[in-house]
Amino acid sequence: MQLPAAPDLTDLAHTHAGPMHWLATATATAAVVALAGLLQPGPAATTATATAAPRPAPAPEAAAAAYPLECGGGPRTVAKRVSGDLDGDGNPETVAVVHCEAGSGTPPSGVYVLTRGKGTDAPARVVATLVAPDQHRSVTELAVRDGAVLATLLGYSSLDVPRCCPDEKEQVSWRWRGGAFVRAGQDEARSA
């Protein structure tokens, strides 16, 4: 079998590139490169976006706060502290269990919500009292989960029960609603 002879390419008009062909090809290539450059973000835009996300402030420090707790001139103790974002603003609050130091027995505790102080070096400030010491409760467990404060409170069924030995145990929780901490199934917590 004999193959046909190859055509003479010099006879085909479209096989000869003239100056207009090269100019059109160069213009089209430049347009594609320019369009590709416009569609991609520049490195400055990517860096600015990555660094623009604000970091949450650290949780307020419980030790230096001024608590509405009268200890008769004696020292007070921050017995427990937990932190978490309770009001949904992206910054953590601190919940502190504080009581007066006692030589014996179980001193009543206060449970307080702290936020950052106003100003750079200002101490944390109490914004809500969840349990006041005059309620004669102590706290054995404290946690923050899903924006709620969870606690186990111990108390006394009557004045005849010795203060060393609480005989009531209650699981409680508070959640931020409508500008105040609301105890599950109860009225709003006291504001500080």
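**Reading strands and cores in a predicted model**

Student: How many bridges join β5 to β6, and which way do the two strands run?

Tutor: Two strands count as paired if DSSP finds at least two bridges between them. Here β5 and β6 are joined by seven bridges and run antiparallel.

Student: Which strands make up the open sheet, and in what order?

Tutor: The order is β5-β6-β7-β8, four strands with antiparallel pairing. At the edges are β5 and β8 (180–183), each pairing on one side only. On average, neighbouring strands in this sheet are turned by 25 degrees against each other, ignoring direction.

Student: And what does the chain contain overall, in helices and strands?

Tutor: There are two helices and nine strands. Along the sequence, the pattern reads α-α-β-β-β-β-β-β-β-β-β.

Student: Which residues touch the most other members of the largest nonpolar core?

Tutor: A residue counts as buried if its relative accessible area is under 20%. By that cut-off, 30% of the chain's 192 residues are buried. The largest nonpolar core has 17 residues, and V95, L130, L142 and W174 touch the most other members. Strands β2 (93–100), β3 (109–115), β4 (125–131), β5 (138–145), β6 (148–155) and β7 (168–177) each supply at least two residues of this core. Apart from it lies another core of 13 residues, including A65, Y67, L69 and V98.

Student: What does L142 touch, leaving out residues up to four places away in sequence?

Tutor: L142 touches K80, V82, V95, V97, V149, L150 and A151.

Key. Residues are numbered from 1 along each chain as its sequence is written. This is a predicted model: local features need pLDDT of at least 70, side-chain atom pairs count only at pLDDT 80 or more; totals for chains, interfaces and linings use all residues. Side-chain values use heavy atoms; hydrogens and water are left out. A nonpolar core is a set of buried Ala, Val, Leu, Ile, Met, Phe, Trp, Tyr and Cys residues joined through side-chain atoms within 4.5 Å. Buried means under 20% relative accessible area, exposed over 50%, partly exposed in between (1.4 Å probe, protein chains only). Contact means heavy atoms within 4.5 Å. Axes are lines fitted to C-alpha atoms, for helices over the stretch in contact, and angles run from 0 to 180 degrees between N-to-C directions.
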